[in-house]
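Me: Could you walk me through this model? I would like to begin with the metal site and then turn to the overall fold.

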Amino acid sequence: MMNSLDLDKEIVILAIESSCDETAAAVVVNGRDVRSNVISSQIDLHTLYGGVVPEIASRKHIERINQVIEEALRTANMTLDDIDAIGVTYGPGLIGALLVGVAEAKAISFARNIPLVGVHHIEGHISANYIENKDLEPPFLCLVVSGGHTHLVRVADYGKYEILGKTRDDAAGEAFDKVARAIGLGYPGGPKIEKVSHEGNPDAIAFPRAKVADGVYDFSFSGLKSAVLNYLNSCRMKGIKINQADVAASFQKAVTDVLVEHAMKAIDEYKVDKFAIAGGVASNGALRKAMREACARKGVKFYHPSPILCTDNAAMIGAAAYYDYIAGKRSGFDLNAVANLRLGE
Ligand code: KG4
Ligand code: ZN
């Protein structure tokens, strides 16, 4: 397969992402040139229930996926005849949601005889950094912080990942969502906590910075979430009025401090000069600012995607699929959705 690859020619990837609550398709040329990036979000629907309802997510993906793909091709001014490969997220994520994208990708691949490349969702998040940072190449370290994941990853090369640490319980974004709900901000919590934090004092309440004894790079956010809930309960019991902005800002600071501390430790140990963040929480302004400053103090170059490329999208899947494709990776029609797919499998 590798012999037939002409790398002087542009490689056009049609990418599909449906692992959670966004139905997304994109056309990406040579991994970094995004010709279209269509995202149909279901957030409004799930907001009614305070979180993502898997069954509703699957059904909405089925309803929208064809239009989203057609729009991605139309916006890129291309047809399926122009596509060299189809990249699709096959895990991790909600199984029913993933299946919609995988089945669609396989159907197009089969009908049009276009090669298929299964992509790991976290590999996609990491690869979002390549799109706007044309100079970024491995090796580098990347912190992936989303609603489902908190992974500190060493990107040794394209497609070569080593997980240095991950969360033992809640993901960072999950903690944002749960705390937001507890202080009455609703779903999705991250952007709402960030917004009200601007009015609050990040040093108002001393929430814990959790350490994991037997894993220097691992994270734990459930203790922090419980500390916030305990604080809220004790205020209610004592009849003290809760300052929503102070709770939000202090919580956000506690999360940020831990993420920055772990990142800086890894930068020292692995002696890298490039550090990136990715995933929904990576669009958080306070986290970006803290990381940017901490990296600058070490003379390390800091990278992050634009907010639209931080949250789930298909352009990032197209970027990842390109590097897999030129490395000769292909998926067969036996490609299946894997809810708990591990990075590097
Ligand atoms: O990457 P993503 O879209 O989906 C997953 O793969 O999980 O991340 C969604 C998560 C949610 O938990 C959301 O609350 C969080 O990212 N998030 C944020 C912000 N924007 C989204 N968290 C903190 N600050 C933000 N500005
Ligand atoms: Zn994601």
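**The zinc site and the fold**

Reply: This is a predicted model. Along the chain, the donors of the zinc ion (ligand 2) follow the spacing H-x3-H-x186-D.

Me: Which residues coordinate the zinc ion (ligand 2)?

Reply: The zinc ion is coordinated by His121 and His125, each through NE2, and by Asp312 through OD, at 2.0 to 2.1 Å.

Me: Where in the chain do His121 and Asp312 sit?

Reply: His121 belongs to helix H4 (residues 121-132). Asp312 lies in the loop between helix H10 (307-310) and helix H11 (315-326). The two are 191 residues apart, and the pair links distant parts of the chain.

Me: Are His121 and Asp312 buried or exposed?

Reply: Both His121 and Asp312 are buried.

Me: And what are the angles at the zinc ion (ligand 2)?

Reply: The angles among its 4 donor atoms run from 94 to 137°. The site is classed as irregular because a tetrahedral one needs all angles between 85 and 135 degrees.

Me: Changing topic: how many helices and strands does the protein chain have?

Reply: The protein chain has 11 helices and 10 strands.

Me: What is its radius of gyration, against that of a compact globule?

Reply: The protein chain has 20 Å, which agrees with the value near 20 Å for a compact globule of 345 residues. Its C-alpha atoms fill a box of roughly 70 × 45 × 35 Å along the principal axes.

Me: What share of the residues is buried?

Reply: Buried residues make up 54% of the 345. The chain exposes about 14,700 Å², of which carbon and sulfur atoms supply 52%.

Methods. Residues are numbered from 1 along each chain as its sequence is written. Chains are lettered from A and ligands numbered from 1 in the order in which they are written. This is a predicted model: local features need pLDDT of at least 70, side-chain atom pairs count only at pLDDT 80 or more; totals for chains, interfaces and linings use all residues. Side-chain values use heavy atoms; hydrogens and water are left out. Donors are N, O and S atoms within 2.8 Å of the metal (3.2 Å for Na, K and Ca); water is not among the atoms, so sites may look incomplete. Four donors count as tetrahedral if all angles lie between 85 and 135 degrees; four count as square planar and six as octahedral if opposite donors are over 155 degrees apart and all others between 65 and 115; anything else is irregular. Helices (H or I, at least four residues) and strands (E, at least two) are DSSP runs, numbered from the N terminus. Buried means under 20% relative accessible area, exposed over 50%, partly exposed in between (1.4 Å probe, protein chains only). The radius of gyration is taken over C-alpha atoms; the globule rule is 2.2 Å times the number of residues to the power 0.38. Accessible areas come from the Shrake-Rupley method with a 1.4 Å probe; for residues, only the protein chains shown count as cover.
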